[in-house]
Amino acid sequence: MAEQAHDLAPAAEVPDRGGSFLFQPVGARAFVTPEMFSDEQRQFFRTGADFTRNEVVAHRDRFADHDYEALRGLIAKAGELGLLGVDVGEEYSGLGLDKVTSMLVAESQAGEGSWATTFGAHTGIGTLPIVFFGTPEQKARYLPDLASGRKVAAYALSEAGSGSDALGAKTVARLSPDGTHYVVNGGKMWITNGGFADVYIVFLKVEGPGSPPSSSKRGTPGSAPAARSTSSGCAVAPPPR
Ligand SMILES: Cc1cc2nc3c(=O)[nH]c(=O)nc-3n(C[C@H](O)[C@H](O)[C@H](O)COP(=O)(O)OP(=O)(O)OC[C@H]3O[C@@H](n4cnc5c(N)ncnc54)[C@H](O)[C@@H]3O)c2cc1C
């Protein structure tokens, strides 16, 4: 496929919406091959792979024992190395880099399954909803701590009766009679980092009047964080050599 790169149409000529790539002729869209990686992108991969090899793999037995402090410590170290802020804008203490770097950093963490799940939930589904859809106030409040690893993120969509069928979720939020807060009822399951995260992206339906709840504190009376994280004990690949 790489030999077709010279046939690429200018991006403006190719409408790029939804699943349109399925119907475009081969070679109609720009694509990246490893030969095109920049020195900086390669350096990010090496930094990430060295971190996985030297810091993460040594702790793998602790993951299986549900030792969340080990995972929190590694998130903090990954933050110090700049591995958590690739997709976060510089104005929110991130690096604001490109998607190729983001992909390479994610791949560099893949050598240890439990850690890769924790890392991916934090940087991807836990942080990106705020990057893409957060208000300026929410971004300023959460992103600097997530990009630095001072706080850990989780994403709570799945429930006992629904997983990828997001509209089947039954958790609801209802405005309190005095209009000051929302009362959330429901339960989430299989939430990576659920047992120890600080920031949760929670999917729910709003019943009755009012706009959707925007944020909630961990430990709000009546809420109970998951007792166990789904990331512990995932073994999907040998450690990187
Ligand atoms: C390691 C791990 C970590 C996880 N972490 C999280 C997390 O952090 N947060 C979270 O919310 N959840 C998490 N989950 C749960 C995960 O999101 C769900 O398992 C996933 O959405 C699949 O849902 P399900 O298991 O209910 O399967 P189902 O949704 O029932 O799907 C079963 C099968 O049916 C297929 N299918 C589903 N709908 C259709 C359709 N309309 N048409 C055709 N085929 C269809 C699916 O492709 C799949 O093959 C995690 C799961 C694992 C294993």
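Gly187 is found in the loop between strand S3 (182-185) and strand S4 (199-202), where strands (E, at least two residues) and helices (H or I, at least four) are DSSP runs numbered from the N terminus. The model is predicted, so local features need pLDDT of at least 70 and side-chain atom pairs count only at pLDDT 80 or more, whereas totals for chains, interfaces and linings use all residues. Residues are numbered from 1 along each chain as its sequence is written.

With 12 other C-beta atoms within 10 Å, Gly187 is exposed (12 or fewer; buried is 20 or more, and partly exposed lies in between, with C-beta atoms placed from the backbone). Gly187 and Thr171 are 16 residues apart in sequence, yet 6.5 Å apart in space, C-alpha to C-alpha.

The ligand is surrounded by 14 residues, the closest being Leu157, Ser158, Gly163, Ser164 and Thr192 (a C-beta atom, placed from the backbone, within 6 Å of the molecule).

The axes of helix H1 (residues 39-56) and helix H4 (residues 99-108) come within 8 Å and cross at roughly 20 degrees, the axes being lines fitted to C-alpha atoms over the stretch in contact, with angles from 0 to 180 degrees between N-to-C directions. H1 and H4 are therefore roughly parallel to each other (under 35 degrees; over 145 is roughly antiparallel, 65 to 115 roughly perpendicular, the rest oblique).
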